[in-house]
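User: I would like to learn how to read a few features of a protein model, starting with packing and going on to charged pairs. Please take the general idea and then the case at hand.

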Amino acid sequence: MSFIRDVFYQNPLLFGSQSVVDRYCDLFARFLRVRRYDLGLKAAAKGLVIGSVIFSRPNGSALDLAREAEPLLISHLDAFTHADLSEASRILVIEKEATFHTARSSNAWLLIKRYTILMTAKGYPDLASRQLLHRLSTASPWNGFRDLPVLILTDFDPDGLAIFNTFKHGSNALEHEGPESAVPNATRLGLSSQHVKNYIDSIDCQALMSLTKRDRRKAQLMLQRGTGTDERRELQVMLMLNFKAELQLLDNEEDGLAQILMSVYDR
């Protein structure tokens with residue numbers, strides 16, 4: 001088993017960039033109708049997870065993430081034989097790593113971590129993070145037949161909505177990986193247009209940013225290609241307001257992020 005990045009470094013002059021290697025690995029997999037893993041390839045670990053889950057390893061040992069001080073770097077699922085989710089009642093996915101770390105160091109996290117699994121894929125989700133999220137949230141022998149709700153917190157911008165759609169529906173580029181890389185039951189926790197409307201009159205306008213030409217073009221393309229009803233409405237409101245907001249917007253209000261976390265606790 002090799003990392004895709006290692007393939008690039010075998011001959012960087014030939015490939016030119018990592019994206020070329022990624023594209024051709026996926027083309028070969030799609031053509032052969034197999035997964036990357038079946039070709040002996042895997043991406044470097046990227047995502048992080050912590051909270052109410054106990055992973056069992058092939059050697060019989062266990063890793064209780066509720067007792068760990070640092071989150072686990074998400075690698076291929078073969079690292080674990082199954083997961084104990086008996087205490088978990090929800091999974092919260094946060095788009096940005098910085099907000100993920102802010103959340104897990106908050107007092108609100110101390111209240112909800114016994115029942116909550118917290119994840120981040122540090123932006124657009126990698127395949128390993130998406131597959132782990134599917135495994136954790138979809139009832140099967142691997143997770144003790146638990147069917148956990150998935151709540152996703154992203155920026156209020158076209159990329160944030162695209163990241164949510166990638167988690168929920170998968171991506172066209174990795175369609176050959178099958179349904180095990182999507183989470184159809186995922187719902188978007190925020191940031192929503194209502195969050196932004198609430199902040200417009202209550203904080204410095206510098207916390208909100210105007211949409212760029214790229215943002216507007218991306219939003220319009222997403223509307224043309226089709227998306228869920230809620231996401232479509234959010235994109236339309238976004239274009240009408242001509243505003244976008246990053247998760248750091250929550251830092252402008254006292255306990256802004258804590259309120260989001262506690263809303264998860266109340267669900």
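This is a predicted model: local features need pLDDT of at least 70, side-chain atom pairs count only at pLDDT 80 or more; totals for chains, interfaces and linings use all residues.

User: How is the packing of two helices described?

Analyst: Two packed helices are described by the angle between their axes and by the distance between the axes. Here, helix α7 (residues 158-169) packs against helix α9 (residues 213-225) at an angle of about 35°, and the axes are 9 Å apart.

User: Which residues of α7 and α9 meet?

Analyst: From α7 come Pro158, Asp159, Leu161, Ala162 and Asn165, and from α9 Arg214, Asp215, Lys218, Ala219 and Met222. By class, the residues of this contact are 5 nonpolar, 1 polar and 4 charged.

User: How many salt bridges does the structure hold?

Analyst: There are 11 salt bridges. One of them pairs glutamate 70 with arginine 104, with 3.1 Å between the closest N and O atoms. Glutamate 70 is in the loop between β5 (62-64) and β6 (72-73), and arginine 104 is in helix α4 (residues 97-104), so the pair ties together parts 34 residues apart in sequence.

User: Is glutamate 70 buried or exposed?

Analyst: Glutamate 70 is exposed, because its relative accessible area is 51% and the cut-off for exposed is over 50%.

User: What about the salt bridge of aspartate 155 and lysine 96?

Analyst: The side chains of aspartate 155 and lysine 96 meet at 3.1 Å, N to O. Aspartate 155 lies in the loop between β10 (150-153) and α7, lysine 96 in the loop between β8 (90-94) and α4, and the two are 59 residues apart. Aspartate 155 counts as buried, at 3% relative accessibility. Lysine 96 is buried too, with a relative accessible area of 18%.

User: Where do glutamate 97 and lysine 122 lie?

Analyst: Glutamate 97 is in helix α4 and lysine 122 in the loop between β9 and α6 (127-137), so their pairing ties together parts 25 residues apart in sequence. Their closest N and O atoms are 3.9 Å apart in the salt bridge. Glutamate 97 is partly exposed, at 31% relative accessible area; lysine 122 is partly exposed, also at 31%. Elsewhere, salt bridges with shared partners join Asp159, Arg214, Asp215 and Lys244 into one network.

User: Which residues does threonine 120 touch?

Analyst: Leaving out residues up to four places away in sequence, threonine 120 touches Gly47, Leu48, Ile94, Glu95, Lys96, Glu97 and Phe100. Threonine 120 sits in strand β9 (residues 116-120) and counts as buried at 1% relative accessibility. A polar atom of its side chain lies 3.3 Å from the backbone oxygen of glutamate 95.

Note on methods. Residues are numbered from 1 along each chain as its sequence is written. Side-chain values use heavy atoms; hydrogens and water are left out. Helices (H or I, at least four residues) and strands (E, at least two) are DSSP runs, numbered from the N terminus. Buried means under 20% relative accessible area, exposed over 50%, partly exposed in between (1.4 Å probe, protein chains only). A polar contact is a pair of N or O atoms within 3.5 Å; within protein, one must be able to donate a hydrogen and the other to accept it, and residues adjacent in sequence count only if both atoms are side-chain atoms. Contact means heavy atoms within 4.5 Å. Axes are lines fitted to C-alpha atoms, for helices over the stretch in contact, and angles run from 0 to 180 degrees between N-to-C directions. Ala, Val, Leu, Ile, Met, Phe, Trp, Tyr, Cys and Pro count as nonpolar, Asp, Glu, Lys and Arg as charged, and the others, Gly among them, as polar. A salt bridge is a side-chain nitrogen of Lys or Arg within 4 Å of a carboxyl oxygen of Asp or Glu.
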